[in-house]
Amino acid sequence: MMSKFFAAFLCLSMFAASVPVMAQQPAVKAAPQPVAEVASPQAQAAEQLEAARKNLARLTDQIKNAKDDDGRLAELKVEVDAAAKQIIATSVATRPRLDEIKARLAELGDPPAEGAPPEADVVAQERKRLLAERGEINALTGTAEDLSIQATKLSNGITATRRALFSNALLKHTDINGSIVMDAMAALTLELRASTRTVGSWLTFAWNFKRLQLLSALFLSLCAALVLLAGTRKLFFPLIHRELLSEEPGYITRLSVAFWSTMVPTAAMAVFAATSYFFLQAFKVLRPDIAPLISITLAVCVALLFVSTLSNAVLAPKQSVWRLVRVSDGGARLLALSIFAMAVVNGLDYLAGTVSEVMGSPVVLTVVKSLIATIIIGIILMAMSLIKPIVPAGDTLDGQGKPWPRAVSLLFVFSGIVLILAALSGYVGLARFIATQIVMTGAILVTMYIGMLTGKAVAKQNALADTIVGRYLEKRFGLEQVALDQTGLAAGLGIYVLVVLFFIPLILLQWGFQIADIEAWAYRIFTDINIGSIKISIVGILAGILLFAGGYVVTRWFQRWLDGNVMARSRVDTGVRNSVKTGIGYLGIGLAGLIGISAAGFDLSNLALVAGALSLGVGFGLQNIVSNFVSGLILLVERPFKVGDWVVTGTTEGFVKRISVRATEIETFQRQTIMVPNSLFINASVGNWTHKNKLGRSDIPVTVSYDSAPRQVMDTLLQIAAAHPLVLKNPEPQAVFTAFGEATMTFELRVYLADIVNGNGVRNDLRLAIYERFKDEGLGAPFPKEVLEPEPLPPGPQADALAQQAEAAGPGGVASPAEETFKRSGTQRRPRRVTVDAVGDD
Amino acid sequence: MKTLVSACVLTVAMALPAWSATVTNKDSEAAVLVVVEGESRMEVAISAGGTETICPSGCFITTPSGDRIGLQGDETIEIVNGSAVVK
């Protein structure tokens, strides 16, 4: 999924360059708009159709002239298709006017029948005018129809011509006999003389009159190539350098070195070739007869360098430790040599073919040259079957190898024979095509395969860390293990994308497709993929995703700005702040989603149907989610509690940490986080200790024996309460005589606290003080003499812990054993009741 | 969660635009359209109340009323009283 995304993204950025070209056409069309505003839509359409007709006539001429030029034909086809689209668009533009006319005609009604009273003159005239206009539009559309048919015919004609060109080139048959060879010999001498003269005269001309330009072009392109070479060497040094190692380097290292040491020099050479051709052209050093020669020479050089660096990288004849395939030293040397020889012969064949074309030599010469070249390649192929490169397991690579397996050597012999037979029987074009495929497509496929393997190996877990690059990154940037691993994954995916994007077009070009074809395909893949009757545009979907991401970022930024700058300074209540922030978040994301969906080309009007389907879904499965969501919105508006409040609902009690779409996050006193569905807060009663303010009452029950004087006990309790700094003076603390027991009297000390959250600490302090004062003043223990029967707790660690705690705390702790549990289990049934006991009993 | 995901998928699937011209005949008798698509000129008969999908990549049609209209390929068309209403 991720790799697809990356691929799509890279393609997008690659083809972004071609988009402006296509975008120019509407711009050109839009230019005459202001003038045409005065003209009627029909006149405008007629004008456009006339332009389209001229355009088609021009294209037809050009197609006739270029009927032998495959590349030009491919470009023309793109133009013709665009023209056809333009014609349809023109006639679509007349549709609104036609609709208006039809509506008006319907209003006017049918002309009066025979014998009926005649209608008003105005009406009759208007009808006449409208009908005339309707006829005009229909005639225009008819013209457009004809033009459209013509354009489609033209486009189909181009396809047919190109197909014929291709099969002609491949399956053209020439009788090979002695006289042809003699003719060719004669032509060759002429051609040699002509080419020497041409090249010589050009060189003299260039040296005498364009010396500065020639030298500066060469200098500039050399500079470009050197910069590239030096830059890539510095950047990729660990990737392309083969160290002299005594032991075999790792598989990934060997793979990636093979891949990059092929790619980097080839790319540098390609840049050199392209820039030197460009500069020579730009400085007008090239002449029309020399330009094709220079370009084919440069192209052959690039191809030769590619094939030889690749064979060198895979076979590594001089450094057996870097070899990718297990072949003997001698075998590797011979294989590399024969591959290079084939590439040279093939390249020279193309060079010679271009020379013949430029010099206008007879076709037989080209045929004989290709014949010789393919026969040589065939012989080399057959000779390759005699090489003995196979090394049995366990043997060293420098020993004498074994011959190929029978199947492989048969394959070599067979392809060699096929090449030679095809050439000798007259199908020279086919033989030459096959030879080129064996050398170039083979090399490209091998590079692609190595690239894929490299990508796969680099993307493996922790694979990058073991390589030279990994160690370099670790040393240079101090990357951690995880970061290295992620870098490896990204690098692996990147290599895949690079391989696919770079080599598939190369192979297609090899097979005779033109750049215009590939561009048109790529454009179509990214703008409209038709599946049945549905059209999907990858660019549109990507734009939608980008817009959504942009909207999301803007929303977050706005939220932060509003919260941090505006609301914080205007001292808005935290609850309101939170609500506004969350509300804006939902709104922004919803808007971004809508914008993204419409940008992606989804039709929102179809959503009406979806809403119908969804309402059914809401009825069943989504009921809870929707109810929670709506409850969340109500919570934001009504604000029964805010973040930081101490709330009690159902069995849950704690501090509110976050109010989100579906649920509210509550942290209990034991730091357990509980997600409470928002609908619970709406449907059930919610207690909030800190709603308006944090003021709250805390109660401490005290039991003493009948020996004590109740008034003195109450006075002492009030004194103790008054002495505590956190107990409020107003409302003042109360001491209440609440109950007569069998052997004890029960009092209650009720104190008000400014912040009820401190209740636990204050109660603890007060109990300690009560115990100490009662002991000092001999008021009798502030608790019953007989040990209270504790409420039965469920057996388990908690009950045990409670017992231990009680033991450890001694008599003081028994004052309210339940109070202690309160601290530990805020969510248990018992402690909650205690809280109610301690605070709420009035 | 699964429900939510399937609902989202459903939403997206439903919102995907249908991208070829759909012609619905609202008349009580069959309508014959002349459709010019690519190089060919053909007649398409749509029975009363029937719906037909034509030309995914732009075409011209001639309605029974004799009007010619150009279509981009993403329209919804109704034939009312022999003449086309493009929505």
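Two strands count as paired if DSSP finds at least two bridges between them, and the elements themselves are DSSP runs numbered from the N terminus, with helices (H or I) of at least four residues and strands (E) of at least two. The model examined here is predicted, so local features need pLDDT of at least 70 and side-chain atom pairs count only at pLDDT 80 or more, while totals for chains, interfaces and linings use all residues. Residues are numbered from 1 along each chain as its sequence is written, with chains lettered from A and ligands numbered from 1 in the order in which they are written.

A residue is called buried if 20 or more other C-beta atoms (placed from the backbone) lie within 10 Å of its own, exposed if 12 or fewer do, and partly exposed in between. By that criterion, 29% of the 87 residues in chain B are buried. Contacts are assigned to residues whose C-beta atoms, placed from the backbone, lie within 7 Å. Of the contacts in chain B with a separation of 6 or more, 45% involve residues 24 or more positions apart.

Two open sheets can be described in chain B. In one, four strands with antiparallel pairing are arranged as β3-β2-β5-β6. Val34(B) has Glu43(B) as its bridge partner in β3(B), and Val36(B) is bridged to Arg41(B). The hairpin of β2(B) and β3(B) has two residues between the strands, and Gly38(B) adopts a positive phi near 65 degrees there. Strand β3 (residues 40–46) of chain B is hardly covered, as the number of buried residues among its seven is zero.

The other open sheet of four strands has mixed pairing and the order β4-β1-β7-β8 (chain B). Here β4 (51–54) and β8 (83–86) of chain B are at the edges, and each has a single partner strand, so one side of each is left without a neighbour in the sheet. Strands β1 (residues 21–25) and β7 (residues 76–80) of chain B pair in the parallel sense over four bridges, and Val23(B) finds its bridge partner in Ile77(B) of β7(B).

Turning to chain A, 28 helices and 10 strands are assigned, and 28% of its 842 residues are buried. Among its contacts between residues at least 6 apart in sequence, 73% join residues at least 24 apart. Helix α4 (residues 41–65) of chain A has 25 residues, which at 1.5 Å a residue should span 36 Å, in agreement with the 36 Å between its end C-alpha atoms; the expected span is 1.5 Å times one less than the number of residues. Among the buried residues of α4(A) are Ala45(A), Leu49(A) and Leu56(A), and their cover includes α5 (70–93) and α7 (121–171) of chain A. Helix α7(A) also lies across β2, β5 (59–62) and β6 of chain B, at about 50 degrees to β6(B).

A nonpolar core is a set of buried Ala, Val, Leu, Ile, Met, Phe, Trp, Tyr and Cys residues joined through C-beta atoms within 7 Å. In the largest such core, of 72 residues, Val307(A), Leu335(A), Leu419(A), Ala431(A) and Val458(A) touch the most other members. Helix α15 (residues 428–459) of chain A supplies the largest share of this core, 14 residues. Apart from it lies another core of 36 residues, including Leu56(A), Leu154(A), Ala21(B) and Ala84(B).

Thr374(A), in helix α13 (residues 363–384) of chain A, counts as buried because 28 C-beta neighbours lie inside 10 Å. Beyond four places in sequence, its contacts include Leu419(A), Ala431(A) and Ala435(A).

Technical notes: Two residues are in contact if their C-beta atoms, placed from the backbone, lie within 7 Å. Axes are lines fitted to C-alpha atoms, for helices over the stretch in contact, and angles run from 0 to 180 degrees between N-to-C directions.
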